[in-house]
Amino acid sequence: QVQLVESGGGLVQPGGSLRLSCAASGFTFSTYAMSWYRQAPGKERELVAGITATGGSTNYADSVKGRFTISRDNAKNTVFLQMSSLKPEDTAVYYCNARTLTGDWRFNDYWGQGTQLTVSS
């Protein structure tokens, strides 16, 4: 059974820091690219950061570049999102995504249930 379980969300003041974790199980974690998405109320889900299967390459949304860092530990089947200099506009539900390309050239996606981040004073 595939599971992606996010943790680490909560309430933080503007300018603060927080680290999200996503623990994966039920699939070969080291062969999947991992990403963090977020969805704020009334807005579409957006990509925040992604990391390749080996961890050799990352990408970030312009809005979080220089503030967020994605990393992964393939030995522990976990992906992290270190967030700093948090802003109220970072408030959203953060979702963990696992993606791989199948043998018939289709994407296979798994999603976590999400964790709420609220940035407010």
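Mentor: Helices (H or I, at least four residues) and strands (E, at least two) are DSSP runs, numbered from the N terminus. By that count the protein chain has 0 helices and 11 strands. This is a predicted model, in which local features need pLDDT of at least 70, side-chain atom pairs count only at pLDDT 80 or more, and totals for chains, interfaces and linings use all residues. Residues are numbered from 1 along each chain as its sequence is written, and side-chain values use heavy atoms, with hydrogens and water left out.

Trainee: What pattern does the protein chain follow along the sequence?

Mentor: β-β-β-β-β-β-β-β-β-β-β.

Trainee: Why is the protein chain called as compact as a globular protein of its length?

Mentor: Compare two values. The radius of gyration is taken over C-alpha atoms, and the globule rule is 2.2 Å times the number of residues to the power 0.38. For 121 residues the rule gives 14 Å, and the protein chain has a radius of gyration of 14 Å, so it is as compact as a globular protein of that length. Its C-alpha trace spans about 45 × 30 × 25 Å along the principal axes.

Trainee: How many of the 121 residues count as buried?

Mentor: 40% of them. Buried means under 20% relative accessible area, exposed over 50%, partly exposed in between (1.4 Å probe, protein chains only).

Trainee: What share of the contacts comes from residues 24 or more positions apart?

Mentor: Contact means heavy atoms within 4.5 Å. Of the contacts in the protein chain with a separation of 6 or more, such residues account for 54%.

Trainee: Which strands form the open sheet, and in what order?

Mentor: There are 4, in the order β1-β3-β8-β7, with antiparallel pairing. Two strands pair if DSSP finds at least two bridges between them.

Trainee: What makes β1 and β7 edge strands?

Mentor: β1 (3-7) and β7 (68-73) each pair on one side only. Neighbouring strands of this sheet are turned by 15° against each other on average, direction ignored. Axes here are lines fitted to C-alpha atoms, for helices over the stretch in contact, and angles run from 0 to 180 degrees between N-to-C directions.

Trainee: How many bridges join β3 to β8?

Mentor: 6 bridges join β3 (residues 18-25) to β8 (residues 78-83), and the two run antiparallel. Ser21 stands opposite Phe80 in β8.

Trainee: How many aromatic pairs does a search of the whole structure find?

Mentor: 5. Rings of Phe, Tyr and Trp (its six-membered ring) pair if their centres lie within 6.5 Å; planes under 30 degrees apart count as stacked, over 60 as edge-to-face and the rest as tilted.

Trainee: Why is the pair of Phe27 and Tyr32 called edge-to-face?

Mentor: The ring centres of Phe27 and Tyr32 are 4.7 Å apart and the planes stand at 65°, so the pair is edge-to-face. Both Phe27 and Tyr32 are buried. Ring pairs also link Phe27, Phe29, Tyr32 and Tyr110 into a cluster.

Trainee: What makes the pair of Tyr37 and Trp111 edge-to-face?

Mentor: Their planes are at 65° and their centres 4.9 Å apart, so the pair is edge-to-face. The pair links distant parts of the chain, with Tyr37 in β4 (residues 33-39) and Trp111 in β10 (residues 107-111), 74 residues apart.

Trainee: Why does Tyr37 count as buried, and why is Trp111 partly exposed?

Mentor: Tyr37 has a relative accessible area of 19%, so it is buried. Trp111 has 38% relative accessibility, and therefore counts as partly exposed.

Trainee: Which ring has the charged end of Arg45 over it, 3.8 Å from its centre?

Mentor: The ring of Tyr95. A charge sits over a ring if NZ of Lys or CZ of Arg is within 6 Å of the ring centre and within 35 degrees of the ring normal. Arg45 also lies over the face of Trp111, at 4.7 Å from the ring centre.

Trainee: What is the phi of Ser85?

Mentor: It is positive, about 50°, although Ser85 is not a glycine. Most residues other than glycine have a negative phi. Ser85 lies in the loop between β8 and β9. Its relative accessible area is 40%, so it is partly exposed.

Trainee: Why is Trp105 called exposed?

Mentor: At 71% relative accessibility, Trp105 counts as exposed. Its place is in the loop between β9 and β10. Its phi is positive, about 60°, although Trp105 is not a glycine.

Trainee: Which residues does Gln1 touch, not counting residues up to four places away in sequence?

Mentor: Ser25 and Gly26. The C-alpha atoms of Gln1 and Ser25 are separated by 7.5 Å. Gln1 is in the segment before β1. With 81% relative accessibility, Gln1 counts as exposed.
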